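Here's a handful of exercises to work through with the model open beside you. Try each task before reading its solution.

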Number of protein chains: 2
Amino acid sequence: MFVSKALGLSRHASKTLEEKSILRDAFIPHPFFSDVIEALRFDRKFGEIEEGTVVAKTVNGVRVIRGFPKIRRALTLYPSIKNHFEREVAVEEKMNGYNVRIARLGKSLYAFTRRGYICPYTTEKARNLIGMDFFKDFPDLMLCCEAVGEESPFVPKRIYEIDGLDFFVFDIREARTNKPLPVKRKIELCEEYDLKHVHLLGIYSSKNAHEEISSIIRKLGKERREGVVIKDPEMKIEPLKYTTSETNAGDLSYAFRYFNDYGKDFMFSRIVREGFQSFEFAESEEEFRERCLRLGMSILKPMVESIRVVSDGEWVSEKIRLRFQSIEVMELFLKHLRKMGVDFRVKEIKKDSGGAVLHFERIMRSTTDKIRTHLEGQPW
Amino acid sequence: MFVSKALGLSRHASKTLEEKSILRDAFIPHPFFSDVIEALRFDRKFGEIEEGTVVAKTVNGVRVIRGFPKIRRALTLYPSIKNHFEREVAVEEKMNGYNVRIARLGKSLYAFTRRGYICPYTTEKARNLIGMDFFKDFPDLMLCCEAVGEESPFVPKRIYEIDGLDFFVFDIREARTNKPLPVKRKIELCEEYDLKHVHLLGIYSSKNAHEEISSIIRKLGKERREGVVIKDPEMKIEPLKYTTSETNAGDLSYAFRYFNDYGKDFMFSRIVREGFQSFEFAESEEEFRERCLRLGMSILKPMVESIRVVSDGEWVSEKIRLRFQSIEVMELFLKHLRKMGVDFRVKEIKKDSGGAVLHFERIMRSTTDKIRTHLEGQPW
């Protein structure tokens with residue numbers, strides 16, 4: 001099998017890989033994806049190979065695009081940073097969007113979502129927004145980006161004042177090995193090739209970074225921004241992430257709006273983060289009350305809204321707007337959503353000279369059904 | 001096997017019962033339990049047989065004590081009550097303690113916890129507080145009680161102004177069949193035999209009970225009481241329960257104090273209840289804010305306190321005080337706790353003429369370890 005060969009797996013590992021049926025189609029064949037003959041993604045972690053890794057047979061041979069590794073979270077700034085890193089840390093902004101790897105296969109760019117799908121929408125955006133110059137010089141590297149903006153199929157957000165969608169590079173890695181470039185080199189390359197990248201907020205001594213980050217986090221929180229990724233400047237040690245209370249609340253708000261479609265682990269972990277942050281930030285009583293109110297609101301408000309929606313006879317759903325340059329890509333994207341198992345309903349397609357704007361709703365069926373059942377009087 | 005015979009199980013069912021290893025010891029043999037030769041409890045539901053059912057070989061033959069059936073919860077008062085019940089409903093107070101069945105085996109009373117353990121502490125209390133008169137006249141009935149008070153091994157509470165422990169009958173049932181007496185008959189018998197019973201708050205037409213209960217719930221909430229059980233006066237339809245927001249918050253407070261020892265389902269379900277109640281009670285903005293603050297506080301405050309406890313080098317634990325009349329029973333109870341797998345540490349035993357007061361701590365090891373790990377800087 002070309003996957004095992006490309007990854008250099010032993011015969012034994014190769015057999016296990018097949019038996020566990022970890023490999024899935026990464027894309028729907030289409031002229032828009034003409035450089036790719038076949039592409040398989042890892043639906044879960046397999047030994048060293050990250051979930052979301054893609055092995056693609058392309059017109060130029062087989063390519064490996066490694067999955068983006070999970071970044072662990074510091075629950076306490078002190079002593080986590082001091083213990084985990086060496087002399088210094090680079091603190092970068094963690095933006096709130098979806099994780100995308102952009103790589104060149106054959107003649108064109110391809111955008112891979114976290115789970116390893118080649119996404120038609122994101123790929124079209126990448127081809128429009130990211131030049132080929134970088135990849136002409138570095139064909140083996142991939143850009144690991146946060147895809148951010150209001151026109152996001154996964155995380156539509158109005159922060160950052162981006163109406164459409166844009167990419168912010170946070171890592172540049174060797175696609176085949178996942179080896180990252182040092183932070184400074186990444187920034188140099190981004191600037192040289194005119195690629196947007198996430199803010200570097202500072203380089204601090206590991207010993208007192210927790211103090212700096214604590215005040216950065218408070219400031220970012222007030223602006224409703226997500227948080228930070230703390231990195232070894234040389235990228236030899238795995239990074240850690242840390243988020244603002246406002247983002248934890250925002251995540252909870254989202255999860256409780258769709259409370260029966262979301263994992264309880266997702267909610268639980270965000271609540272526990274708040275506990276540790278509240279402890280570490282040594283808040284005044286007033287600040288603590290605010291945090292409690294924010295937490296309570298982020299849980300109850302969206303839940304009550306969803307109950308109201310169902311009580312009014314509607315479905316609980318997420319409304320999404322995406323602009324496409326090509327109608328064919330839009331149609332391919334809708335097929336792609338279906339393939340991913342997303343339950344959706346197209347509301348409107350507005351065509352104009354620049355392409356089309358697609359309005360659709362992602363239906364949260366489990367939450368809707370659960371609410372409806374109880375509103376009709378079914379006990380739990 | 002005597003269990004299958006007592007329950008009239010088919011040969012096939014009997015075999016399945018053994019294969020699934022559902023039966024466990026219900027008690028530790030001891031002179032205090034001299035009427036019982038052998039007793040097995042159902043560790044989970046098996047067909048019609050409830051979890052917590054006990055089959056006991058006694059000096060007077062084999063007895064079946066059926067487990068207390070799970071009471072389902074109304075998430076909405078309207079239309080749940082109207083749909084579920086017939087003409088009228090009896091609304092009783094649901095007290096906040098632990099569920100105990102008291103039955104006579106041989107010459108003495110025995111107290112069974114929800115899961116079917118014969119608890120030495122609760123049995124001693126039952127023998128002191130509940131007379132034999134009732135059981136002389138009705139040897140086949142069991143008293144289903146809430147065991148309430150400050151001296152509770154499971155749910156120590158200061159509400160209801162009970163320093164020690166007391167029993168409040170909420171159901172009288174045939175031990176072998178689980179058939180309940182009608183509500184009025186139960187109250188008559190309790191009054192005749194001088195047994196304390198939970199308050200009957202009213203009998204209402206099923207059509208407008210939701211309005212009555214909604215105001216009862218607000219009133220009980222202000223007094224920090226738990227909620228109500230809504231019953232068919234004839235007990236032919238299964239009851240439903242409904243709790244106050246203050247109790248939901250109290251449960252969450254307890255669960256988040258010990259957040260890694262508690263099930264996420266426990267937390268999640270209590271949060272969802274708050275959503276439905278908030279929706280149904282059509283609150284003012286001010287009341288809604290209060291509910292959010294109460295929810296947020298009930299989650300964060302105990303969690304931060306537990307983090308502080310571990311940060312101070314202590315274990316997260318629940319402190320419990322119990323009074324025993326007999327030192328032997330106290331020693332048996334400690335063995336019983338160990339058998340149940342409870343992780344505890346005896347702090348002090350004060351003996352006096354009336355017996356002994358045991359102070360012990362239930363150690364929440366998982367929560368303690370989780371907090372310690374993160375305070376030491378381990379990422380999640």
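**Exercise 1. Find where Ala282(B) sits, decide whether it is buried or exposed, and check its phi.**

Step 1: Ala282(B) is in the loop between α9 and α10 (285–311) of chain B. Helices here are DSSP runs of H or I with at least four residues, strands are E runs of at least two, and both are numbered from the N terminus.

Step 2: Count neighbours. Ala282(B) has 9 other C-beta atoms within 10 Å, so it's exposed. The cut-offs: buried means 20 or more other C-beta atoms within 10 Å of the residue's own, exposed means 12 or fewer, and partly exposed is in between, with C-beta atoms placed from the backbone.

Step 3: Phi of Ala282(B) is positive, about 40°, although the residue is not a glycine. For background, most residues other than glycine have a negative phi, and most peptide bonds are trans.

A word on the ground rules: this is a predicted model, in which local features need pLDDT of at least 70 and side-chain atom pairs count only at pLDDT 80 or more, while totals for chains, interfaces and linings use all residues. Residues are numbered from 1 along each chain as its sequence is written, chains are lettered from A and ligands numbered from 1 in the order in which they are written.

**Exercise 2. Work out how α8(A) and α9(A) pack.**

Step 1: Take helix α8 (residues 245–257) and helix α9 (residues 264–280) of chain A: their axes are 10 Å apart, at an angle of about 155°. The axes are lines fitted to C-alpha atoms, for helices over the stretch in contact, and angles run from 0 to 180 degrees between N-to-C directions.

Step 2: That makes α8(A) and α9(A) roughly antiparallel. Angles under 35 degrees count as roughly parallel, over 145 as roughly antiparallel, 65 to 115 as roughly perpendicular and the rest as oblique.

Step 3: Now the residues. α8(A) brings Ser245(A), Asn248(A), Asp251(A), Leu252(A) and Ala255(A), and α9(A) brings Phe266(A), Met267(A), Arg270(A), Arg273(A), Glu274(A) and Gln277(A). Contact means C-beta atoms, placed from the backbone, within 7 Å.

Step 4: Sorted by type, this contact has 4 nonpolar, 3 polar and 4 charged residues. Ala, Val, Leu, Ile, Met, Phe, Trp, Tyr, Cys and Pro count as nonpolar, Asp, Glu, Lys and Arg as charged, and the others, Gly among them, as polar.

**Exercise 3. Now cross the chains: how do α9(A) and α9(B) meet?**

Step 1: The axes of α9(A) and helix α9 (residues 264–280) of chain B come within 10 Å and cross at roughly 90°, so the two helices are roughly perpendicular.

Step 2: Lys264(A), Asp265(A) and Phe268(A) meet Lys264(B), Asp265(B) and Phe268(B) in this contact. The tally is 2 nonpolar, no polar and 4 charged.

**Exercise 4. Trace the surroundings of Phe170(A).**

Step 1: Phe170(A) is in strand β10 (residues 166–174) of chain A, and it counts as buried because it has 25 C-beta neighbours inside 10 Å.

Step 2: Leaving aside neighbours within four places in sequence, its contacts include Glu92(A), Cys145(A), His197(A) and Val229(A).

Step 3: Phe170(A) and Lys196(A) are 26 residues apart along the chain, with 9.2 Å between their C-alpha atoms.

Methods. Contact = placed C-beta atoms within 7 Å.
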